[in-house]
Amino acid sequence: MYSPMGLNTEAIAAQIPLIWTVAIVVLALLIIGALVFVKVYQSRTEKDAFVTIVCVLALSSLLATVCLFPVDIALVSSTTNNYTGLKKKWADKETVDNVVLALKIVYYALYSLDAVLCLLVIPFAYFWYEEWDLEVTVKQRLKGALKYSVFFLAFMIILLLVGFFVPQVKEQKGHLDLDYFRKLLSENSGERALTFIIGVLMCFGTITFVLYTAPGLALTPMFLIKSRSSVDRPGEAAATAAALAINHERQRALQFQRPTSQDQRELDSLRREEATLQRRQRIAEDIRLSRSSRFYSKLEAIGRPFKIVFGVLILVVSLIIFASMLITSIDKLLNSPCGSKCGYILPNPTVFNAMNWLFVESSKIFPIDYLLALLVVLLLFIGTVIGLAFFGIRFLWINLFRLRPGATKPQGMLLSTVLLTLTVLAINYSFTMILAPQYAHYGNQHYCDHKLLPLGAIRSCTAYPEAIQPCTNKAPQDICTPTVVSTFINRITLNFPVFGWFAYWAQYAFLGLFAVTLLAALIWRPRFEGRTSEDEEGEEEERLLGQHQTRGGRERWEGLRSRPSVGDYGATGRS
């Protein structure tokens, strides 16, 4: 037997292992990316093996969650034949149920692992590092870390108990009277507990999604388009030299007069500024004389046009994301049948969505749409990293840690990992419910609408292509299989409407912050937080280490490193 596409059923069924194989290869590449990320951003002078392992494990778990989303869509889409509007011959009920069950097990395992890492493992690793001291034994560190981690264990147990015993939401009669939504309310207590925990974490992730992903998504293309090339470094060196000359003149003016207490304070400030400017000059001179730096500068000059084009492309994609989210949000507000009572669920979007249309059209060529979905989710993830690097990890106006290449403290790495994990949960909600709702729910599945067929015709649309319709919640559930992630998120918003209400209205905050940041970045060139004297001193010391080691001057370096450390960014740890 051959399908209209000219492939036998065995070849079509082979799509499933092919999808999983591609997913495993992509996941392996993403895990390598996680290793590189930790290696690049962690501090060169303050490292801890256990903290590094926990960060890599957590990042691998969240990237696996990201990778599973397009796999989910690909697998359910592979079960229907869009030329007949029916299930493929190999996709009987038992086979489809097994595919969905396998996806559900992987999703629940990853979500549970993300929750345990966020609520137990990472807090333990944080306190484990904080307990380090030369006179503290491993047993004492373990005891201290467990003592503080018990609060997070209690918090997780409370969430489990609330999820087990919270009253079940009654069915919204007259609004969502569909088999698809009835199934979302019929689940066991274990699923409800996990749903509640993930819902709580999703709300926390929505806050980071708004505060970091929104500005990060707006800044990412601007950094590529407006970033300063290393060719501009001579101008920076000249500006540093001019500032140093002005500094010297001001010092001489103060020294030739009888200094007051205010003049003495200003003189001390000028001397500190002089030391900073001199360090900058030495670093800039070493970079200028470095062969690798000269090669990098030439390579950067060649690639500058491509960098701008790539930045413009990301800007266009970001604007499409913005427009699609705004359109769907308004559509939900105006047309949701139950509004805030069910978290603004909209069974059938009524307004054209550019991103959703792009996914549906690209799905005609396998596997373009799945790669596109992965790239969009990764763009949002990278935007979050850019936002963290730009603003730092803050509590209100207090800057706790900064995410900087080669200078991020272990505590900052752990907190960044938690924020990224929580943000991925919010990205899953936004993509599934706001960005491309129809595609995220059913992928490229189509069904044969028998109501549009002639009277007495067999239920097959091979000869009636006009009767083939995209799958929706009102379509026959024996043909259209919803994705596991959409089912899970709909279950959260339907069983706990407050989570859906919070996540929905947060999308407007996301859109507003994105627009404000983009307008500001168009007017002013964005730049990361200025380098502090501690950063420059640390960089200079790292360079001196290499010089002294090559000259056999290890003893002198140890003397240099024995000086009191500076600036722990508000956190305690090893000095």
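Figure 1. Strands β3 (residues 393-395) and β4 (residues 398-401) run antiparallel and are joined by three bridges; two strands pair if DSSP finds at least two bridges between them. Two residues separate β3 and β4 in this hairpin, and L396 in the turn has a positive phi of about 55°. Strands (E, at least two residues) and helices (H or I, at least four) are DSSP runs numbered from the N terminus. Residue numbers start from 1 along each chain as its sequence is written. Because the model is predicted, local features need pLDDT of at least 70 and side-chain atom pairs count only at pLDDT 80 or more, whereas totals for chains, interfaces and linings use all residues, and side-chain values use heavy atoms, with hydrogens and water left out.

**Figure 2. Stacking of Y111 on F488.** The structure holds 26 aromatic pairs. The ring centres of Y111 and F488 are 5.0 Å apart and the ring planes lie at 20°, so this pair is stacked. Rings of Phe, Tyr and Trp (its six-membered ring) pair if their centres lie within 6.5 Å; planes under 30 degrees apart count as stacked, over 60 as edge-to-face and the rest as tilted. Because Y111 belongs to helix α4 (residues 93-130) and F488 to helix α15 (residues 484-495), the pair ties together parts that are 377 residues apart in sequence. Y111 counts as buried at 2% relative accessibility, and F488 is buried with a relative accessible area of 3%. Buried means under 20% relative accessible area, exposed over 50%, and partly exposed in between (1.4 Å probe, protein chains only).

**Figure 3. Stacking of F209 on F510.** The rings of F209 and F510 have centres 4.4 Å apart and planes at 10°, so the pair is stacked. F209 in helix α7 (residues 189-226) and F510 in helix α16 (residues 497-523) are 301 residues apart, and the pair thus links distant parts of the chain. Both F209 and F510 are buried.

**Figure 4. Further aromatic contacts.** One aromatic cluster is formed by F69, F359, F431 and Y439. In another contact, the charged end of R141 sits over the ring of W128, 4.1 Å from the ring centre. A charge sits over a ring if NZ of Lys or CZ of Arg is within 6 Å of the ring centre and within 35 degrees of the ring normal.

Figure 5. Two packed helices are described by the angle between their axes and the distance between the axes. The axes of α4 and helix α5 (residues 138-165) come within 8 Å and cross at roughly 155°; α4 and α5 are therefore roughly antiparallel to each other. Against α15, α4 packs at an angle of about 55°, with the axes 10 Å apart, and these two helices are therefore oblique to each other. Axes are lines fitted to C-alpha atoms, for helices over the stretch in contact, and angles run from 0 to 180 degrees between N-to-C directions. Angles under 35 degrees count as roughly parallel, over 145 as roughly antiparallel, 65 to 115 as roughly perpendicular and the rest as oblique. α4 passes α5 in a right-handed crossing, and α4 passes α15 in a right-handed crossing. A crossing is left-handed if the near helix is turned anticlockwise from the far one by less than a right angle, and right-handed if clockwise.

Figure 6. L142 lies in helix α5 and counts as partly exposed at 38% relative accessibility. The C-alpha atoms of L142 and W132 are 9.9 Å apart in space, with the two residues ten apart in sequence. K307 has its place in helix α10 (residues 291-335) and is partly exposed, with a relative accessible area of 27%. From C-alpha to C-alpha, K307 and I225 are 6.9 Å apart in space and 82 residues apart in sequence.

Figure 7. I24, in helix α2 (residues 15-41), is exposed with a relative accessible area of 56%. A separation of 9.1 Å lies between the C-alpha atoms of I24 and A64, which are 40 residues apart along the chain. L59, in helix α3 (residues 49-77), counts as buried at 2% relative accessibility. The C-alpha atoms of L59 and L35 are separated by 8.6 Å, and these residues are 24 apart along the chain.
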